[in-house]
Amino acid sequence: MNKARKNPFNTLAMHGALILYTLIALFPVFVILINSFKDRKAIFREPLALPDAETFSMIGYQTVMKQGDFFLYFQNSLIVTVASLFFVLLFGAMAAFALAEYRFKGNTLMGLYLALGIMIPIRIGTVAILEMMVASGLVNTLWALILVYTAQGLPLAVFILSEFMRQVSDDLKNAARVDGLSEYAIFFRLVLPLVRPAMATVAVFNMIPIWNDLWFPLILAPAEETKTLTLGSQVFIGQFVTDWNAVLSALSMAILPVLILYVIFSRQLIRGITSGAVK
Amino acid sequence: MTALTLTNVNKSFGDVHVLKDINIEVEDGEFVVFVGPSGCGKSTLLRVIAGLEDATSGEVRIGGDLVNATPPSKRGIAMVFQSYALYPHLNVRKNMSLALKQEKQSKAVIEERVAKASKMLNLEDYLDRYPSELSGGQRQRVAIGRAIVREPKLFLFDEPLSNLDAALRMNTRLEIANLHDALAASMIYVTHDQTEAMTLADKIVVLRDGRVEQIGSPMELYNNPANQFVAGFLGSPAMNFMPAGYVNDGDERTMGVRPEDLRLADDGALSAAVQHVEHLGGDTNVIARVKNTQITARLFGQHAISQGETVTLGFSPERLYYFDTEGARVQ
Ligand SMILES: Nc1ncnc2c1ncn2[C@@H]1O[C@H](COP(=O)(O)OP(=O)(O)OP(=O)(O)O)[C@@H](O)[C@H]1O
Ligand SMILES: [Mg+2]
């Protein structure tokens, strides 16, 4: 493997492939960005051209700012995504720890039951969920969304995290017990830091679908003050005319927070710290 | 006073009966080694003593107090694990002081004890390093240091040397022996290595299949094994077993003789075909075949014996051990 790495041709080929992939992946984002800064005619005449002095226009951004309370939508999306991720990770990790660490009757059965949700799409239950939310008065609140997304994210989180927690050495947990750490301390201060890469993976997996979701915001929280960004952007897409300037500008701004969250989580993916625990 | 008393301790995992009626006493300041083949329940027994597993039945007393329902951290014990089990996200100093912090000791006490332990173990230069930045031997010393700072009534070691290479193992073994002298604490040490057991122990407990086979000082067990298992387990190379009929027509018993009790003798009782010779300099190990049994003779000094030769081996009759078909010692 070392030989292959040192060979300049291999290095070149490897970097070439990676750069090509990066370009392909970034291309749509790039197109959205440049076009969001052009006027309507320029978007259609030359979609791939960079904005110049003549075609440059902030009209899209201006429309977005004027139309509705865009910052509120932004804030709603952020609250819903961050809160849902927080609850998914917290409850998912707790359930995973119990399943991985303790021997009790029905442990395997419980694990299977919790994992079942991976195979059944939560949208099948939309009507029942809506009835439940109406009954509990949660319709048109952000809580409705947070609860649903938490439920949606939990099965996979429990499944992945319990697998990782089983790999945390028993000796390590026992050493902590002998040292007088409570089970909570072992969970929060020993096991959680060690499964951080897995937590970051779960967070990234869950973040994008929540941020982009249109279904549940439309059904459970369509009120003006609880609209999410995706739902709010829909006003620009009409049946007959679509305000492309506004759509592209809204999309450009929507990319930012996800990008920031992703950078935060992906830093956690770096392992390193776990080595040297045992052996 | 006794440091540890186990009375009729049993442990089952579901249907699997792992520990069977264990009765052991450890005196204050004693170094006791649990030895036995892999899977015989040594670690499980240690974990029951530590409180990491509950005994299914029986009594565990530490320093005279019944501790069956006491959590591990309140039992006055400290444990060193086979895999070191250092906290990877804490540096050496914090690894060692965590338990003291949990006990709400004052800063001064913590600092003093960590300083003392790290001096004893030559870890002073490494206090700010993380476990991943240490060698295997250093990690093992940190694990021992973490036990020392707690000043426990009873130390528990679970195969602490099994991850180290041979040279380091010997050094660390000496260090542990010195530590025992310096601290004058009671220690329980688990191993499946009979050399470690013989060299370290005041008292050896031989376990097999979850049962205590024999308890005694190393020399008692060596000179006076209660059964064929103990006789074969302690001593290296292991004791030779062969049908007593080889030297005594019609005898149904099994005869045991230690390799070091065999000698070359023209009028010896055993005629052996040499299969392999190990020249160790100080000793010569001869592996040979007597009828259908392979035996080992350990001859003092250097001997010019080569493969394929036939030699006659003798022994003094009082150095023989006899066992019945069940493996129990008989006269
Ligand atoms: N949690 C458990 N559930 C079921 N059986 C177990 C459990 N822990 C241990 N055992 C069984 O108990 C027996 C003794 O295990 P133990 O770990 O005490 O062996 P050991 O003497 O320490 O062996 P080694 O020298 O290999 O460490 C083994 O047969 C093992 O399969
Ligand atoms: Mg073991």
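How do the residues of the shell around ligand 1 divide into nonpolar, polar and charged? They divide into 3 nonpolar, 6 polar and 3 charged. Here Ala, Val, Leu, Ile, Met, Phe, Trp, Tyr, Cys and Pro count as nonpolar, Asp, Glu, Lys and Arg as charged, and the others, Gly among them, as polar. This is a predicted model, in which local features need pLDDT of at least 70, side-chain atom pairs count only at pLDDT 80 or more, and totals for chains, interfaces and linings use all residues. Residues are numbered from 1 along each chain as its sequence is written, chains are lettered from A and ligands numbered from 1 in written order, and side-chain values use heavy atoms, without hydrogens and water.

**Ligand 1 site**
- Residues from chains A and B surround ligand 1, so the site is shared between chains.
- The shell (a heavy atom within 4 Å of the ligand) includes A:Arg103, B:Phe13, B:Glu159 and B:His192.
- Helix H1 (residues 42-50) of chain B gives the most to this shell, with 3 residues; helices are DSSP runs (H or I, at least four residues), numbered from the N terminus.

**Polar contacts (N or O pairs within 3.5 Å)**
- A polar side-chain atom of A:Arg103 lies 3.4 Å from a nitrogen atom of ligand 1.
- The side chain of B:Ser38 places an N or O atom 2.5 Å from an oxygen atom of ligand 1.
- For the side chain of B:Lys42, the distance from an N or O atom to an oxygen atom of ligand 1 is 2.8 Å.

**Helix H4 of chain A**
- H4 (residues 59-66) is followed by A:Gly68, whose phi is positive, near 60°.

Definitions and conventions: Polar contact = N/O pair within 3.5 Å; in protein donor to acceptor, adjacent residues only side chain to side chain. Helix = DSSP H or I, 4+ residues; strand = E, 2+ residues; numbered from the N terminus.
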